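Dear colleague,

I am handing over the structure we spoke about, and my notes on it follow below. Please read them with the coordinates open beside you.

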Amino acid sequence: MKQMKKIILGLALLLSVWTLGACSNNKNSQPAKNEKLKVVVTNSIIADITKNIAKDKITLHSIVPVGKDPHEYEPLPEDVQKTSRADLIFYNGINLETGGNAWFSKLVKNANKKENEDYFATTKGVKVIYLEGQEGKGKEDPHAWLNLENGVIYAKNIEKQLAKKDPKNKDFYAKNLESYVKKLEALDQEAKSKFASIPKEKKLIVTSEGCFKYFSKAYGIPAAYIWEINTEEEGTPDQIKDLVAKLRTTKVPSLFVESSVDDRPMKTISKDTNIPIYSTIFTDSVAKKGQNGDSYYSMMKWNLDKIAEGLAK
């Protein structure tokens, strides 16, 4: 049944692309006069950063739903349609939507979109960190946004392309970028001050996925995890056994579990080590509207506050 659903979805996507092929003309990628720029982004984090800069000057579609994992995703017919008609597309890159099943690479190819003309990586300029013991294309850790300094890079990349595609609003975008960057930089400095006061023996952030490498480097907090990246096997008995053995040699006071993963493996770790799970934190998605963490800024503030509190126990 699951295989049949995938076949039906695949046929629907192909039909959408065939029907809309004529609409995807790269030569006419700028919006018509008095028409808002049509922007598509791959996930809720990039969507929120884009909204802070563009506000009501664009129409925005975010592909991966809030709370869902962007590593592996099957675009819906609506995503195909909006991508085909988009003036501008933003994606994370560095082995996120282009890793695993490479759903984004297939999507833009079928929509006849061109790299660095129609779609742009928000991570351009980020100093890439690789998966443990590995290096090269396809081995990048994609979670660059978990360092606020990289969040600033995302914002600057987004503003640059918005201004190019929609020059009549470039001053509006530049002004919003300036105030947004100041806000992110202030939070970054606050976080660095908080973590500097935590005793060294308690400095270890333990999560399900090994997605805090950029965070660790930025804030001086080493990381431990059950599995390294969500496109691999997740929560196997050997992975759990290895982490339990490691934690028994530490004085770490708290564990954390991400909002977008199954919490059962971390509950097993907690039970086997007698170390409590202090909080749920955000990694691959913001929270639903109206909840704590429903923007990039607020998800990062939540993470920074909760991790600092948990490690100070």
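**What was found**

In the protein, residues 24 or more positions apart account for 67% of the contacts with a separation of 6 or more. Please keep in mind that this is a predicted model, so every value here is computed from it. The chain holds 10 helices and eight strands, and of its 313 residues 53% count as buried. The protein exposes about 15,300 Å², of which carbon and sulfur atoms supply 51%.

Turning to one pair of helices, the axes of α2 (residues 44–54) and α6 (residues 170–196) come within 7 Å and cross at roughly 120°, and α2 and α6 are therefore oblique to each other. On the α2 side the contact is made by D48, I49, N52, I53 and A54, and α6 contributes F172, Y173, N176, L177 and Y180.

N230 lies in the loop between β6 (223–227) and α8 (237–247), and because its relative accessibility is 5%, N230 counts as buried, the cut-off being under 20%. Its side chain makes a polar contact with the side chain of W227, at 2.8 Å. Leaving aside residues up to four places away in sequence, N230 touches D69, H71, E209, V261 and D284.

Conventions: Residues are numbered from 1 along each chain as its sequence is written. This is a predicted model: local features need pLDDT of at least 70, side-chain atom pairs count only at pLDDT 80 or more; totals for chains, interfaces and linings use all residues. Side-chain values use heavy atoms; hydrogens and water are left out. Helices (H or I, at least four residues) and strands (E, at least two) are DSSP runs, numbered from the N terminus. Buried means under 20% relative accessible area, exposed over 50%, partly exposed in between (1.4 Å probe, protein chains only). A polar contact is a pair of N or O atoms within 3.5 Å; within protein, one must be able to donate a hydrogen and the other to accept it, and residues adjacent in sequence count only if both atoms are side-chain atoms. Contact means heavy atoms within 4.5 Å. Accessible areas come from the Shrake-Rupley method with a 1.4 Å probe; for residues, only the protein chains shown count as cover. Axes are lines fitted to C-alpha atoms, for helices over the stretch in contact, and angles run from 0 to 180 degrees between N-to-C directions. Angles under 35 degrees count as roughly parallel, over 145 as roughly antiparallel, 65 to 115 as roughly perpendicular and the rest as oblique.
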